[in-house]
Amino acid sequence: MGLIRLIYCALIAAVVLLGAAVSARAANEPQDGYLGFAACTGCHASISKQFAKTSMGRSISAVTPEFLHIIATNDSFYDEKFDRHFEIFTRDGKFFQSEFQVGADKQEVFRDTREVKWILGAGLNGMGGLVEKEGYLFQGPASFYSKPQKWGLSPGYEFGDYGFNRPILAGCIFCHSGRQRPIAATNGKFESEPFSEMAIGCENCHGPGAPHKAAVFGGATRSNGKDLHIVNPARLSPVLTNNICMSCHQTGDVRVLKPGKTYQDFRPGQPLDDTLSILMEPPTRESPPQNDHLEHYYSMTLSRCYRSSGNMSCISCHDPHIEPTAEDAPAYFKTRCLTCHTEQSCKLGMEARQHTTPADNCIGCHMPKRDIRVISHSTVTNHRILARPDEPFPDVTFNQTTATLPDLIHLNPTPGNKGGIPPLSLLQAYGEMSQTRPQYEERYLRVLKQIENSEPNNSLVQAAVGRRELKAEKLQEAVTHLQRSIDIGPAQANVYGDLAEALAKLGRTGESISALRSGIGLDPFNPVLQKTLVLRLIQAKKHDEAKAALLRYLETFPQDSFMRHMLELANGEAAR
């Protein structure tokens with residue numbers, strides 16, 4: 001507990017100092033009206049200081065010499081499943097992670113060491129590292145977990161050894177930073193300065209501050225008690241208030257950007273569905289909802305509190321500016337419960353309530369914490385607000401689809417919007433869902449057939465048609481559509497991969513190699529494209545080029561044991 005408190009203090013200072021530096025620059029060159037955290041502190045010092053102590057206010061931090069003094073920076077562990085060793089250490093005032101393997105002869109087979117430049121997370125459940133290479137951001141393979149107070153594999157690495165090559169995507173970092181600067185149509189590439197605002201700040205919930213600042217310092221006064229040109233979530237409708245929180249605290253099964261939109265386009269106070277649709281597979285009575293991780297809004301909507309109130313929102317219980325400690329949380333949230341309930345509402349007698357730990361703990365009984373199945377050593381609060389542990393799901397849980405969308409639940413529809421979800425967004429949603437749920441493949445193909453004629457000049461549509469024809473072995477048709485997708489643009493690395501496969505099956509190996517190199521140029525850290533290039537070069541009997549490509553691959557992915565073995569075989573052939 002002592003380490004986490006130290007981290008809290010250090011990160012608060014780091015966030016404020018970093019926010020001041022970033023915001024000073026942003027004040028001279030505001031982007032979309034966003035000024036940064038420090039621009040708000042002059043007039044709102046007290047509330048800014050409170051917010052800087054919260055997990056959101058410390059969502060990401062740059063690694064600094066001060067930071068290195070308060071985090072466990074010297075540790076090591078071994079993962080038996082993948083036979084990999086990991087070290088965490090400091091050197092010359094910098095922070096590093098290292099992954100390596102030791103052979104039977106006790107010699108290192110490989111070692112990959114990278115500098116950690118940013119720390120993701122505030123320590124509530126844990127913290128992870130971000131590394132940078134050639135303008136791309138990646139997750140570090142080791143993370144610190146607060147509950148056991150030790151380092152272990154980062155979330156997701158239990159499924160495979162990704163080394164230092166698991167990209168940080170725009171949709172991920174959007175929820176972990178204040179204002180990020182990803183480059184569109186790339187797989188984890190960012191501007192030379194990845195963040196114009198490091199941690200989550202005031203403007204993430206209140207919207208761009210430049211118009212408000214101009215109005216206030218221009219002599220404008222309040223009108224009917226409302227701030228001019230700034231969003232106050234407390235004065236929005238419950239739907240729009242919840243939309244702000246849902247942008248990060250509700251994942252569903254798939255999140256699909258509307259055509260032409262990026263995550264940076266969302267503005268507090270506007271319907272989230274204008275930018276992003278959140279969809280999920282309908283639960284059944286045989287398979288009711290069980291996932292708590294980032295499903296806070298959906299769980300809340302299934303509660304009796306929400307369904308009975310008619311106007312409940314996330315901020316009915318949460319003040320985003322304040323995060324009570326674990327010790328203070330029961331009493332803090334009890335006051336929120338008592339805004340609607342009374343002491344007599346609880347069916348458990350007062351004497352029995354005094355024997356809970358801590359005593360009379362509403363959230364301990366009605367909102368228990370549960371383990372997060374997808375993240376080790378981590379827990380999250382169940383937001384269904386159960387009256388009793390065995391309370392069944394309400395009937396509405398299993399009746400949330402519509403006639404126009406019979407196989408997905410749209411979690412954030414805009415009230416009164418009869419337009420529904422655009423076919424192009426549905427195509428993306430069904431395509432992503434079908435990767436793990438084959439039952440959505442038929443619906444995906446049906447939507448594709450619907451829009452391939454209505455939107456023939458859309459790059460995504462042409463890529464989807466090309467992939468469909470490739471799977472059907474209609475190779476020349478596939479080449480035509482895939483090339484058209486590239487010509488329409490923006491070109492995507494995976495489209496070049498499909499084009500390369502179609503060309504190879506047509507016996508056009510040279511053109512396939514060119515397509516692969518184009519794809520790698522767009523996504524230089526894509527292991528599939530690089531391995532396929534090695535194979536195609538071997539097929540073309542360009543053995544020297546194949547070996548050079550294999551060496552380049554292993555420079556980037558040294559943890560790939562299979563490809564290292566291929567190199568050993570190639571070297572053995574050359575020696576004979």
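The residues lining the second largest pocket divide into 16 nonpolar, 16 polar and four charged, where Ala, Val, Leu, Ile, Met, Phe, Trp, Tyr, Cys and Pro count as nonpolar, Asp, Glu, Lys and Arg as charged, and the others, Gly among them, as polar. This is a predicted model, in which local features need pLDDT of at least 70 and side-chain atom pairs count only at pLDDT 80 or more, while totals for chains, interfaces and linings use all residues. Residues are numbered from 1 along each chain as its sequence is written, and side-chain values use heavy atoms, with hydrogens and water left out.

A pocket here is an open set of points on a 1 Å grid over the protein atoms alone, where a 1.4 Å probe fits, with protein on both sides within 12 Å along at least five of seven lines, and lining residues have an atom within 4 Å of a point. The second largest pocket holds about 800 Å³ of space, a volume being the space filled by probe spheres set on the points, which are joined across faces, edges and corners. Of its 36 lining residues, Thr402, His410, Leu411, Asn412 and Pro413 are the closest to its centre. Helix 8 (238-249) is among the elements that supply at least two lining residues, as is strand 17; helices (H or I, at least four residues) and strands (E, at least two) are DSSP runs, numbered from the N terminus. Helix 8 gives the most, with five residues.
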